[in-house]
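Hi,

Here is the structure I promised to send over.

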Amino acid sequence: MNVHEVIGEVLQKIRPTEEERAFVEGLMVELRGLTEETIESLGLDVKPYFVGSLAKDTYLAGDHDVDLFLAFPLETPLGELRKEGLELGKAIAEKLDSYQLAYAEHPYVRASYQGVSVDLVPCYDVESWRDVRTAVDRSILHTRWVNEHLNGRNNEVRLLKRFLKGINAYGSEIYIRGFSGYLAEILVIKYGSFLRVLKNADFMLRQKIIDPGGWLKGEPELAMKTIRREIGEERPLIVLDPVDPRRNVAANLSWERYGVFYFRSMEFLESPSTGFFFPEPPEVGSYLAELRRKGNHLITLLFDKPDMIDDLLLPQLEKSARGVEKALERENFRVLGWDVGYVDGKAFVMLEVDRIERERVTVKRGPEFFTRNGLNFYRKNERVWLEGKRLYAEKRIKESIVDVLVDVLERNQVSLGRGIAGLVKGADVLVDYVPKELEQRAYLFLSREELNLKKN
(Lines give C-alpha, C1' and ligand atoms only; values in the text may rest on other atoms or scores of the structure.)
Protein backbone atom coordinates (compact mmCIF):
# COMPACT_ATOMS: atom_id res chain seq x y z
CA MET A 1 0.00 0.00 0.00
CA ASN A 2 1.13 3.56 -0.60
CA VAL A 3 1.17 6.11 2.20
CA HIS A 4 -2.26 7.54 1.44
CA GLU A 5 -3.85 4.09 1.39
CA VAL A 6 -2.25 3.33 4.75
CA ILE A 7 -3.51 6.62 6.20
CA GLY A 8 -7.00 5.97 4.87
CA GLU A 9 -7.10 2.51 6.43
CA VAL A 10 -5.82 3.81 9.78
CA LEU A 11 -8.31 6.67 9.84
CA GLN A 12 -11.19 4.22 9.47
CA LYS A 13 -10.08 2.65 12.75
CA ILE A 14 -9.21 5.72 14.80
CA ARG A 15 -11.81 8.27 13.71
CA PRO A 16 -14.90 8.21 15.97
CA THR A 17 -18.11 7.08 14.30
CA GLU A 18 -21.21 9.26 14.25
CA GLU A 19 -22.76 7.03 16.93
CA GLU A 20 -19.67 7.45 19.08
CA ARG A 21 -19.69 11.21 18.64
CA ALA A 22 -23.35 11.32 19.64
CA PHE A 23 -22.54 9.33 22.78
CA VAL A 24 -19.65 11.63 23.71
CA GLU A 25 -21.60 14.81 23.07
CA GLY A 26 -24.58 13.52 25.05
CA LEU A 27 -22.29 12.50 27.89
CA MET A 28 -20.69 15.95 28.03
CA VAL A 29 -24.07 17.69 27.99
CA GLU A 30 -25.27 15.48 30.84
CA LEU A 31 -22.10 16.01 32.88
CA ARG A 32 -22.25 19.77 32.37
CA GLY A 33 -25.87 19.81 33.56
CA LEU A 34 -25.07 17.75 36.67
CA THR A 35 -22.08 19.98 37.43
CA GLU A 36 -23.97 23.24 37.04
CA GLU A 37 -26.83 21.94 39.24
CA THR A 38 -24.34 20.91 41.95
CA ILE A 39 -22.49 24.24 41.79
CA GLU A 40 -25.78 26.12 42.16
CA SER A 41 -26.98 23.91 45.03
CA LEU A 42 -23.74 24.60 46.94
CA GLY A 43 -23.91 28.33 46.23
CA LEU A 44 -20.45 28.43 44.64
CA ASP A 45 -19.08 30.83 42.04
CA VAL A 46 -17.45 28.21 39.82
CA LYS A 47 -17.38 27.72 36.04
CA PRO A 48 -17.11 24.22 34.53
CA TYR A 49 -14.78 23.74 31.55
CA PHE A 50 -14.20 20.64 29.49
CA VAL A 51 -10.52 20.38 28.52
CA GLY A 52 -8.36 17.74 26.90
CA SER A 53 -8.88 15.72 23.74
CA LEU A 54 -12.67 15.44 24.02
CA ALA A 55 -13.03 19.20 24.22
CA LYS A 56 -10.68 19.65 21.25
CA ASP A 57 -12.18 16.79 19.22
CA THR A 58 -8.77 15.13 18.88
CA TYR A 59 -9.68 11.95 20.79
CA LEU A 60 -9.20 8.52 19.27
CA ALA A 61 -12.08 6.13 18.70
CA GLY A 62 -12.80 4.24 21.90
CA ASP A 63 -10.86 6.70 24.09
CA HIS A 64 -13.44 8.78 25.93
CA ASP A 65 -11.74 9.96 29.12
CA VAL A 66 -13.35 13.20 30.29
CA ASP A 67 -11.42 16.08 31.88
CA LEU A 68 -13.87 18.43 33.58
CA PHE A 69 -12.22 21.40 35.27
CA LEU A 70 -13.93 23.36 38.03
CA ALA A 71 -12.65 26.93 37.71
CA PHE A 72 -12.74 29.17 40.79
CA PRO A 73 -12.35 32.97 40.73
CA LEU A 74 -8.75 34.24 40.85
CA GLU A 75 -9.24 35.89 44.22
CA THR A 76 -10.00 32.52 45.87
CA PRO A 77 -7.22 31.57 48.34
CA LEU A 78 -5.41 28.39 47.29
CA GLY A 79 -6.31 26.55 50.48
CA GLU A 80 -9.98 27.38 49.95
CA LEU A 81 -9.81 26.26 46.31
CA ARG A 82 -8.36 22.91 47.33
CA LYS A 83 -10.90 22.34 50.09
CA GLU A 84 -14.02 23.52 48.26
CA GLY A 85 -12.85 22.11 44.94
CA LEU A 86 -12.50 18.65 46.45
CA GLU A 87 -15.90 18.91 48.16
CA LEU A 88 -17.48 20.03 44.89
CA GLY A 89 -15.80 17.22 42.98
CA LYS A 90 -17.08 14.63 45.46
CA ALA A 91 -20.59 16.11 45.39
CA ILE A 92 -20.65 15.78 41.59
CA ALA A 93 -19.10 12.31 41.67
CA GLU A 94 -21.73 11.04 44.10
CA LYS A 95 -24.25 11.46 41.27
CA LEU A 96 -22.09 9.29 39.00
CA ASP A 97 -21.30 5.57 39.19
CA SER A 98 -18.22 5.52 41.43
CA TYR A 99 -15.23 7.64 42.39
CA GLN A 100 -11.92 7.81 44.23
CA LEU A 101 -9.50 10.54 45.23
CA ALA A 102 -6.39 11.10 43.15
CA TYR A 103 -3.43 13.40 43.71
CA ALA A 104 -1.38 15.74 41.54
CA GLU A 105 -0.42 19.27 42.66
CA HIS A 106 -3.56 19.11 44.77
CA PRO A 107 -6.22 16.43 45.33
CA TYR A 108 -8.91 15.89 42.73
CA VAL A 109 -11.68 13.37 42.10
CA ARG A 110 -11.50 10.56 39.55
CA ALA A 111 -14.97 9.21 38.85
CA SER A 112 -16.52 6.66 36.52
CA TYR A 113 -19.74 7.18 34.58
CA GLN A 114 -21.25 5.00 31.87
CA GLY A 115 -17.94 3.19 31.53
CA VAL A 116 -15.99 6.44 31.05
CA SER A 117 -13.32 7.89 33.35
CA VAL A 118 -14.20 11.42 34.51
CA ASP A 119 -11.56 13.60 36.20
CA LEU A 120 -13.03 16.47 38.24
CA VAL A 121 -10.18 18.93 38.78
CA PRO A 122 -10.27 22.24 40.71
CA CYS A 123 -8.39 25.11 39.08
CA TYR A 124 -8.40 28.88 38.68
CA ASP A 125 -10.46 30.63 36.01
CA VAL A 126 -7.52 32.09 34.09
CA GLU A 127 -7.56 34.33 31.04
CA SER A 128 -3.81 34.47 30.37
CA TRP A 129 -0.52 33.02 31.54
CA ARG A 130 -0.15 35.91 33.97
CA ASP A 131 -3.16 34.56 35.91
CA VAL A 132 -1.78 31.01 36.30
CA ARG A 133 -1.58 29.94 39.96
CA THR A 134 -1.34 26.14 39.70
CA ALA A 135 0.05 23.76 37.07
CA VAL A 136 -3.41 22.62 35.93
CA ASP A 137 -4.71 26.14 35.21
CA ARG A 138 -3.07 26.21 31.78
CA SER A 139 -5.28 23.37 30.54
CA ILE A 140 -8.12 25.82 29.97
CA LEU A 141 -5.80 28.02 27.90
CA HIS A 142 -4.42 25.00 26.02
CA THR A 143 -7.88 23.88 24.96
CA ARG A 144 -8.82 27.37 23.87
CA TRP A 145 -5.59 27.84 21.84
CA VAL A 146 -5.83 24.49 20.05
CA ASN A 147 -9.48 25.03 19.13
CA GLU A 148 -8.61 28.46 17.71
CA HIS A 149 -5.68 27.21 15.61
CA LEU A 150 -6.40 23.61 14.58
CA ASN A 151 -8.56 24.68 11.61
CA GLY A 152 -10.09 21.29 10.83
CA ARG A 153 -6.90 19.24 11.10
CA ASN A 154 -8.34 17.09 13.88
CA ASN A 155 -7.76 13.84 12.01
CA GLU A 156 -4.12 14.78 11.41
CA VAL A 157 -3.72 14.96 15.18
CA ARG A 158 -5.43 11.60 15.54
CA LEU A 159 -2.97 10.07 13.09
CA LEU A 160 0.02 11.48 14.94
CA LYS A 161 -1.29 10.37 18.32
CA ARG A 162 -1.96 6.84 17.07
CA PHE A 163 1.47 6.69 15.41
CA LEU A 164 3.15 7.78 18.66
CA LYS A 165 1.16 5.20 20.60
CA GLY A 166 2.12 2.52 18.09
CA ILE A 167 5.85 3.25 18.40
CA ASN A 168 5.62 3.53 22.21
CA ALA A 169 6.49 7.23 22.33
CA TYR A 170 3.18 8.71 23.52
CA GLY A 171 2.60 10.16 26.97
CA SER A 172 4.50 12.82 28.90
CA GLU A 173 4.23 11.04 32.25
CA ILE A 174 7.54 10.80 34.07
CA TYR A 175 7.66 7.03 33.63
CA ILE A 176 7.15 7.34 29.83
CA ARG A 177 8.76 10.68 28.91
CA GLY A 178 7.24 10.78 25.45
CA PHE A 179 5.11 13.21 23.44
CA SER A 180 2.05 14.62 25.19
CA GLY A 181 -1.24 14.97 23.35
CA TYR A 182 -0.87 18.75 23.54
CA LEU A 183 2.60 18.57 21.99
CA ALA A 184 1.20 16.43 19.17
CA GLU A 185 -1.50 19.04 18.55
CA ILE A 186 1.05 21.87 18.48
CA LEU A 187 3.25 20.00 15.99
CA VAL A 188 0.33 19.41 13.63
CA ILE A 189 -0.65 23.07 13.87
CA LYS A 190 2.98 24.10 13.29
CA TYR A 191 3.74 21.81 10.32
CA GLY A 192 0.26 21.39 8.88
CA SER A 193 -0.27 17.62 8.77
CA PHE A 194 0.75 14.27 10.18
CA LEU A 195 3.07 13.51 7.26
CA ARG A 196 4.75 16.92 7.46
CA VAL A 197 5.46 16.38 11.15
CA LEU A 198 7.20 13.10 10.31
CA LYS A 199 9.11 14.70 7.44
CA ASN A 200 10.37 17.38 9.84
CA ALA A 201 11.57 14.93 12.52
CA ASP A 202 15.20 15.68 11.64
CA PHE A 203 14.70 19.41 11.02
CA MET A 204 12.91 20.14 14.28
CA LEU A 205 15.67 18.38 16.21
CA ARG A 206 18.34 20.54 14.53
CA GLN A 207 16.20 23.67 14.77
CA LYS A 208 15.71 22.82 18.46
CA ILE A 209 13.41 25.75 19.25
CA ILE A 210 9.76 25.96 18.19
CA ASP A 211 7.84 29.12 19.08
CA PRO A 212 4.24 28.74 17.85
CA GLY A 213 3.01 31.59 20.05
CA GLY A 214 5.59 34.13 18.87
CA TRP A 215 7.00 34.71 22.35
CA LEU A 216 10.51 35.50 21.08
CA LYS A 217 9.00 38.70 19.69
CA GLY A 218 6.21 39.29 22.21
CA GLU A 219 8.04 38.40 25.46
CA PRO A 220 11.71 38.05 24.44
CA GLU A 221 13.21 38.23 27.94
CA LEU A 222 10.95 35.54 29.39
CA ALA A 223 11.22 33.38 26.28
CA MET A 224 15.02 33.53 26.27
CA LYS A 225 15.13 32.75 29.98
CA THR A 226 13.06 29.62 29.30
CA ILE A 227 15.27 28.66 26.34
CA ARG A 228 18.51 29.08 28.31
CA ARG A 229 17.11 27.00 31.15
CA GLU A 230 16.01 24.19 28.85
CA ILE A 231 19.27 24.21 26.87
CA GLY A 232 21.03 23.84 30.21
CA GLU A 233 18.91 20.76 30.88
CA GLU A 234 19.94 19.36 27.46
CA ARG A 235 16.39 18.79 26.23
CA PRO A 236 16.02 17.26 22.77
CA LEU A 237 13.38 19.83 21.85
CA ILE A 238 12.22 23.21 23.16
CA VAL A 239 8.61 24.08 22.31
CA LEU A 240 7.62 27.34 23.96
CA ASP A 241 4.08 26.90 25.20
CA PRO A 242 1.94 29.17 23.00
CA VAL A 243 -0.07 30.16 26.07
CA ASP A 244 2.86 30.63 28.50
CA PRO A 245 6.41 31.75 27.59
CA ARG A 246 7.77 30.32 30.85
CA ARG A 247 7.09 26.70 29.88
CA ASN A 248 8.62 24.15 27.51
CA VAL A 249 5.83 21.84 26.33
CA ALA A 250 8.48 19.22 25.51
CA ALA A 251 10.22 19.40 28.91
CA ASN A 252 9.39 15.78 29.76
CA LEU A 253 10.35 14.42 26.35
CA SER A 254 13.42 12.19 26.65
CA TRP A 255 16.16 11.69 24.09
CA GLU A 256 15.25 8.00 23.93
CA ARG A 257 11.60 8.64 23.01
CA TYR A 258 12.54 11.31 20.52
CA GLY A 259 15.08 8.93 19.02
CA VAL A 260 12.40 6.28 18.57
CA PHE A 261 10.18 8.87 16.86
CA TYR A 262 13.09 9.97 14.66
CA PHE A 263 13.94 6.51 13.33
CA ARG A 264 10.39 5.23 13.05
CA SER A 265 9.34 8.38 11.16
CA MET A 266 12.04 7.77 8.56
CA GLU A 267 11.09 4.11 8.27
CA PHE A 268 7.40 4.89 7.85
CA LEU A 269 8.07 7.42 5.12
CA GLU A 270 10.26 4.88 3.30
CA SER A 271 7.96 1.88 3.79
CA PRO A 272 4.49 2.93 5.02
CA SER A 273 2.50 0.27 6.86
CA THR A 274 -0.39 0.08 9.30
CA GLY A 275 1.99 -1.86 11.57
CA PHE A 276 3.49 1.40 12.77
CA PHE A 277 0.08 2.39 14.17
CA PHE A 278 -1.06 -1.05 15.30
CA PRO A 279 2.05 -3.13 15.97
CA GLU A 280 1.92 -6.80 16.77
CA PRO A 281 2.66 -7.50 20.43
CA PRO A 282 6.32 -8.42 20.94
CA GLU A 283 7.12 -12.10 20.85
CA VAL A 284 7.90 -13.41 24.29
CA GLY A 285 10.60 -16.02 24.70
CA SER A 286 12.38 -17.54 27.67
CA TYR A 287 14.28 -15.18 29.93
CA LEU A 288 16.49 -18.11 30.97
CA ALA A 289 17.40 -18.76 27.33
CA GLU A 290 18.14 -15.05 26.97
CA LEU A 291 20.50 -15.21 29.96
CA ARG A 292 22.29 -18.21 28.42
CA ARG A 293 22.56 -16.42 25.07
CA LYS A 294 24.10 -13.33 26.62
CA GLY A 295 26.17 -14.99 29.32
CA ASN A 296 25.00 -12.42 31.86
CA HIS A 297 22.95 -12.61 35.06
CA LEU A 298 19.69 -11.18 36.38
CA ILE A 299 19.30 -9.72 39.87
CA THR A 300 15.76 -8.90 40.99
CA LEU A 301 14.72 -7.08 44.14
CA LEU A 302 11.09 -7.98 44.87
CA PHE A 303 8.88 -6.41 47.54
CA ASP A 304 5.26 -5.53 48.29
CA LYS A 305 3.96 -2.65 46.17
CA PRO A 306 3.25 0.40 48.36
CA ASP A 307 -0.07 2.23 48.05
CA MET A 308 1.16 5.01 45.74
CA ILE A 309 -0.01 6.31 42.39
CA ASP A 310 2.29 5.66 39.43
CA ASP A 311 3.44 9.29 39.24
CA LEU A 312 4.95 8.91 42.72
CA LEU A 313 5.94 5.24 42.81
CA LEU A 314 7.73 4.82 39.50
CA PRO A 315 10.16 7.76 39.91
CA GLN A 316 11.09 6.37 43.33
CA LEU A 317 11.65 2.93 41.85
CA GLU A 318 13.82 4.50 39.14
CA LYS A 319 15.85 6.44 41.71
CA SER A 320 16.36 3.24 43.70
CA ALA A 321 17.47 1.33 40.58
CA ARG A 322 20.03 4.03 39.78
CA GLY A 323 21.22 3.94 43.39
CA VAL A 324 21.65 0.16 43.34
CA GLU A 325 23.43 0.42 39.97
CA LYS A 326 25.96 2.92 41.32
CA ALA A 327 26.49 0.93 44.54
CA LEU A 328 27.17 -2.31 42.65
CA GLU A 329 29.54 -0.61 40.23
CA ARG A 330 31.48 0.84 43.18
CA GLU A 331 31.82 -2.77 44.31
CA ASN A 332 33.22 -3.80 40.90
CA PHE A 333 30.08 -5.35 39.43
CA ARG A 334 29.12 -4.05 36.01
CA VAL A 335 25.42 -3.22 35.57
CA LEU A 336 24.32 -3.51 31.93
CA GLY A 337 20.80 -2.16 32.40
CA TRP A 338 17.85 -2.01 34.76
CA ASP A 339 14.06 -2.05 34.73
CA VAL A 340 11.41 -1.25 37.33
CA GLY A 341 7.69 -1.68 37.72
CA TYR A 342 5.06 -3.70 39.51
CA VAL A 343 2.77 -6.63 38.82
CA ASP A 344 0.21 -8.50 40.94
CA GLY A 345 0.86 -6.40 44.04
CA LYS A 346 4.64 -6.77 43.89
CA ALA A 347 7.10 -4.03 42.97
CA PHE A 348 10.46 -4.92 41.47
CA VAL A 349 13.86 -3.62 40.47
CA MET A 350 15.62 -5.78 37.86
CA LEU A 351 19.29 -5.42 37.02
CA GLU A 352 21.31 -7.17 34.34
CA VAL A 353 24.88 -7.71 35.61
CA ASP A 354 28.01 -9.17 34.08
CA ARG A 355 28.71 -11.58 36.96
CA ILE A 356 27.44 -12.67 40.35
CA GLU A 357 30.84 -13.40 41.93
CA ARG A 358 34.02 -11.37 42.26
CA GLU A 359 37.60 -11.91 43.47
CA ARG A 360 37.85 -12.80 47.13
CA VAL A 361 40.81 -10.59 48.01
CA THR A 362 41.63 -7.03 47.03
CA VAL A 363 44.24 -4.48 48.00
CA LYS A 364 43.15 -1.75 50.38
CA ARG A 365 45.01 1.59 50.46
CA GLY A 366 45.52 2.85 53.99
CA PRO A 367 46.75 6.04 55.70
CA GLU A 368 50.35 7.16 56.23
CA PHE A 369 51.98 4.89 58.81
CA PHE A 370 53.01 7.54 61.38
CA THR A 371 49.48 8.83 61.97
CA ARG A 372 46.99 7.63 64.61
CA ASN A 373 44.84 6.14 61.88
CA GLY A 374 47.96 4.42 60.55
CA LEU A 375 48.44 2.56 63.83
CA ASN A 376 44.76 1.52 63.86
CA PHE A 377 45.06 0.29 60.27
CA TYR A 378 48.19 -1.71 61.16
CA ARG A 379 46.48 -3.40 64.12
CA LYS A 380 43.21 -4.14 62.31
CA ASN A 381 44.61 -5.86 59.20
CA GLU A 382 46.47 -9.17 58.96
CA ARG A 383 48.77 -8.69 55.96
CA VAL A 384 50.15 -5.15 55.89
CA TRP A 385 53.01 -3.53 53.95
CA LEU A 386 54.44 -0.13 53.11
CA GLU A 387 54.82 1.62 49.79
CA GLY A 388 56.76 4.73 50.63
CA LYS A 389 55.09 6.12 53.76
CA ARG A 390 51.65 4.73 52.78
CA LEU A 391 50.24 1.54 54.36
CA TYR A 392 48.51 -1.13 52.29
CA ALA A 393 46.73 -4.32 53.26
CA GLU A 394 44.90 -7.25 51.78
CA LYS A 395 41.18 -7.02 52.25
CA ARG A 396 38.99 -10.11 52.21
CA ILE A 397 35.73 -9.21 50.53
CA LYS A 398 32.39 -10.91 50.12
CA GLU A 399 32.22 -13.15 47.09
CA SER A 400 28.49 -13.15 46.25
CA ILE A 401 26.72 -10.19 44.66
CA VAL A 402 23.77 -10.91 46.98
CA ASP A 403 25.95 -10.57 50.08
CA VAL A 404 27.45 -7.37 48.70
CA LEU A 405 24.05 -5.92 47.89
CA VAL A 406 22.59 -6.79 51.29
CA ASP A 407 25.66 -5.32 52.97
CA VAL A 408 25.59 -1.96 51.17
CA LEU A 409 21.84 -1.68 51.76
CA GLU A 410 22.23 -2.37 55.48
CA ARG A 411 25.00 0.23 55.74
CA ASN A 412 22.86 2.84 53.94
CA GLN A 413 25.34 3.11 51.08
CA VAL A 414 22.64 3.08 48.41
CA SER A 415 20.64 6.13 47.33
CA LEU A 416 17.00 5.00 47.38
CA GLY A 417 13.60 6.57 46.80
CA ARG A 418 12.65 8.09 50.14
CA GLY A 419 9.14 6.63 50.23
CA ILE A 420 10.24 3.07 49.49
CA ALA A 421 13.70 2.85 51.10
CA GLY A 422 12.54 0.52 53.89
CA LEU A 423 10.79 -1.78 51.42
CA VAL A 424 13.85 -1.99 49.16
CA LYS A 425 16.12 -2.81 52.09
CA GLY A 426 13.81 -5.65 53.08
CA ALA A 427 13.32 -6.93 49.53
CA ASP A 428 13.83 -10.53 48.47
CA VAL A 429 16.93 -10.71 46.26
CA LEU A 430 16.52 -13.23 43.43
CA VAL A 431 19.41 -14.42 41.24
CA ASP A 432 18.72 -15.65 37.68
CA TYR A 433 15.14 -16.41 38.65
CA VAL A 434 11.82 -14.57 38.73
CA PRO A 435 8.33 -15.78 39.70
CA LYS A 436 6.00 -16.77 36.88
CA GLU A 437 4.17 -13.43 36.81
CA LEU A 438 7.46 -11.65 36.01
CA GLU A 439 8.79 -14.05 33.37
CA GLN A 440 7.46 -12.03 30.42
CA ARG A 441 8.77 -8.75 31.85
CA ALA A 442 12.17 -10.35 32.49
CA TYR A 443 12.40 -11.57 28.90
CA LEU A 444 11.40 -8.21 27.43
CA PHE A 445 13.95 -6.49 29.65
CA LEU A 446 16.84 -8.83 28.88
CA SER A 447 16.09 -9.03 25.15
CA ARG A 448 15.41 -5.26 24.87
CA GLU A 449 12.62 -6.35 22.52
CA GLU A 450 10.31 -3.47 23.48
CA LEU A 451 13.16 -0.98 22.95
CA ASN A 452 14.34 -2.44 19.66
CA LEU A 453 14.28 0.29 17.00
CA LYS A 454 14.47 -2.16 14.07
CA LYS A 455 11.22 -4.06 14.48
CA ASN A 456 10.01 -4.17 10.89
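Let me start with a question: is Y443 buried or exposed? Y443 is buried, as its relative accessible area is 12%; buried here stands for under 20%, exposed for over 50%, and partly exposed for what falls in between (1.4 Å probe, protein chains only). Before the rest, some ground rules. This is a predicted model, so to speak: local features need pLDDT of at least 70, side-chain atom pairs count only at pLDDT 80 or more, and totals for chains, interfaces and linings use all residues. Numbering runs from 1 along each chain as its sequence is written, and side-chain values use heavy atoms, with hydrogens and water left out.

Back to Y443, then. Its place is in helix α18 (residues 439-447), where helices (H or I, at least four residues) and strands (E, at least two) are DSSP runs numbered from the N terminus. Not counting residues up to four places away in sequence, Y443 touches E283, V284, G285, S286, Y287 and E290; a contact is heavy atoms within 4.5 Å. Y443 and E219 are 50 Å apart in space, C-alpha to C-alpha, and 224 residues apart in sequence.

Now the overall picture. The protein has 18 helices and 15 strands, and its C-alpha atoms fill a box of roughly 80 × 60 × 50 Å along the principal axes. Of its 456 residues, 47% are buried. Among contacts with a separation of 6 or more, 66% come from residues 24 or more positions apart.

Lys and Arg count as positive, Asp and Glu as negative, while His and the chain ends are not counted. Each charge is placed at NZ of Lys, CZ of Arg, CG of Asp or CD of Glu.

Side chains of opposite charge can pair when their charged atoms come close. A search of the whole structure turns up 26 salt bridges, each being a side-chain nitrogen of Lys or Arg within 4 Å of a carboxyl oxygen of Asp or Glu. Some that I looked at:

- D202 and R206 form a salt bridge at 3.0 Å, N to O. Both lie in helix α9 (residues 201-207), four residues apart, which is about one turn of the helix. D202 is partly exposed at 32%, and R206 is exposed at 59%.
- E230 and R235 pair up as well, at 3.0 Å, N to O. E230 is buried with a relative accessible area of 3%, whereas R235 is partly exposed at 22%.
- D304 and K346 meet in a salt bridge of 2.7 Å, N to O. D304 sits in strand β9 (residues 297-304) and K346 in strand β11 (residues 346-353), so the pair ties together parts that are 42 residues apart in sequence. Both ends are partly exposed: D304 at 46% and K346 at 29%.
- R21, D57 and R158 are linked in a network of salt bridges.

The surface has a couple of patches to show you. Patch residues have over 30% relative accessible area and no salt bridge; like charges are joined within 9 Å, and nonpolar side chains (Val, Leu, Ile, Met, Phe, Trp, Tyr) within 5 Å. Y99, L101, Y103, I309 and L312 make a nonpolar one of about 440 Å². Strand β3 (residues 98-103) gives the most to that patch, with three residues. L312 is in helix α14 and is partly exposed at 49%. A positive patch is formed by K319, R322, K326, R330 and R418. K319 also lies in helix α14 (residues 310-330), and counts as partly exposed at 38% relative accessibility.

With 0% relative accessibility, I210 counts as buried. Leaving aside neighbours within four places in sequence, I210 is in contact with L187, K190, Y191, M204, L237, I238, V239 and L240. I210 and N248 are 38 residues apart in sequence and 9.6 Å apart in space, C-alpha to C-alpha.

Cheers

Key. Accessible areas come from the Shrake-Rupley method with a 1.4 Å probe; for residues, only the protein chains shown count as cover.
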